[in-house]
Amino acid sequence: SDKHDPAIQRPLARIKRAVRDIEMLIDTFLLLARQEQHPDQDETCDLPTIAAKVVESYCYLLEAKPVDVELRAAGSGSLQAPPSLVTIALGNLVRNAFQYTMKGKVEIIAARGRVSVQDSGPGISTSMKGAGLGLVIVERLCERMRWRFEITSEPGQGTRAELIFTSAETNKADPAPAPA
């Protein structure tokens, strides 16, 4: 039957993946648009829970690849940030790591107020940095939320991307203390 014909199965799997990617992208843009209209200043979220969900939703990108995923979230606790936006930012970083790592390891480490994604993929050349839509979304999001986004990469050595969520308190421009 056609169902088990590899000539049909492979392109079908590719189409399914493309549709899933487009759906996630549409969800991302809808969430971003909603945030524009009603920014959620007081929302909090649990970083380890979000990290686990993100890993689960993108693990299909690792199918049949010898890649280990390690998720460490010791004492990272809750974060003052909208869960939808944290999910989008971290999701894009995890997706990139899973997509481009062909073998080795991807480590997602959630700590207090920050999360990093480290992979053993091909690394990002300087010319490629601005190419991916995912990274552009993360950069814009961080600008808007006043989070820090740091990415270090050596071609052939893998990539480390880190999101540093500054709390809402530190975002308010405090007047400089008057000299005593």
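The side chains of Glu70 and Arg72 meet in a salt bridge, at 2.8 Å from N to O, where a salt bridge is a side-chain nitrogen of Lys or Arg within 4 Å of a carboxyl oxygen of Asp or Glu. This is a predicted model, in which local features need pLDDT of at least 70 and side-chain atom pairs count only at pLDDT 80 or more, while totals for chains, interfaces and linings use all residues. Residues are numbered from 1 along each chain as its sequence is written, and side-chain values use heavy atoms, with hydrogens and water left out.

Glu70 is partly exposed, with a relative accessible area of 26%, and Arg72 is likewise partly exposed, with a value of 37%; here buried means under 20% relative accessible area, exposed means over 50%, and partly exposed is in between, with a 1.4 Å probe and protein chains only. Arg72 also meets the side chain of Glu107 in a salt bridge of 2.8 Å, N to O. Glu107 lies in strand S4 (residues 104-111) and Arg72 in strand S2 (residues 67-72), so the pair ties together parts that are 35 residues apart in sequence. Glu107 is buried, at a relative accessible area of 18%. Together with Lys105, the residues Glu70, Arg72 and Glu107 are linked in a network of salt bridges. Another pair is formed by Arg160 and Glu162, whose side chains meet in a salt bridge at 3.6 Å, N to O; Arg160 counts as partly exposed at 29% relative accessibility, whereas Glu162 counts as buried at 8%. The count of salt bridges comes to six.

These pairs can now be placed within the whole chain. The protein has five helices and seven strands, helices (H or I, at least four residues) and strands (E, at least two) being DSSP runs that are numbered from the N terminus. Read along the sequence, their pattern is α-β-α-β-β-α-β-β-α-β-β-α. Of the 180 residues in the protein, 34% are buried.

Within helix H4 is Cys142, which is buried, with a relative accessible area of 3%. Cys142 and Leu163 are 21 residues apart in sequence, and their C-alpha atoms are 8.3 Å apart in space.

Empty space is the next topic. Rolling a probe the size of a water molecule over the atoms shows where empty space is left. The largest pocket holds about 800 Å³ of space, and of the 41 residues that line this pocket, the closest to its centre are Gly91, Asn92, Arg95, Asn96 and Gly134. On a 1 Å grid over the protein atoms alone, a pocket is an open set of points with protein on both sides within 12 Å along at least five of seven lines, whereas a cavity is a set of points where a 1.4 Å probe fits but cannot get out; lining residues have an atom within 4 Å of a point. Grid points are joined across faces, edges and corners, and a volume is the space filled by probe spheres set on the points.

At least two residues of the lining of the largest pocket come from each of H1, helix H2 (47-58), helix H3 (83-100), strand S5 (114-119), helix H4 (133-145) and strand S7 (158-164). H3 gives the largest share of this lining, eleven residues. By class, the lining has 19 nonpolar, 14 polar and eight charged residues, where Ala, Val, Leu, Ile, Met, Phe, Trp, Tyr, Cys and Pro count as nonpolar, Asp, Glu, Lys and Arg as charged, and the others, Gly among them, as polar.

On the surface, Ile8, Leu12, Ile15 and Val19 form a nonpolar patch, with about 310 Å² of accessible area together. Patches are made of residues with over 30% relative accessible area and no salt bridge, like charges being joined within 9 Å and nonpolar side chains (Val, Leu, Ile, Met, Phe, Trp, Tyr) within 5 Å. Accessible areas come from the Shrake-Rupley method with a 1.4 Å probe, and for residues only the protein chains shown count as cover. Leu12 has its place in helix H1 (residues 6-37) and is partly exposed, with a relative accessible area of 37%.

Two loop residues remain. Most residues other than glycine have a negative phi. Ala64, in the loop between H2 and S2, has a positive phi near 65°, and is exposed, with a relative accessible area of 88%. Arg146, in the loop between H4 and strand S6 (148-154), has a positive phi of about 60° although it is not a glycine; Arg146 is exposed, with a relative accessible area of 52%.
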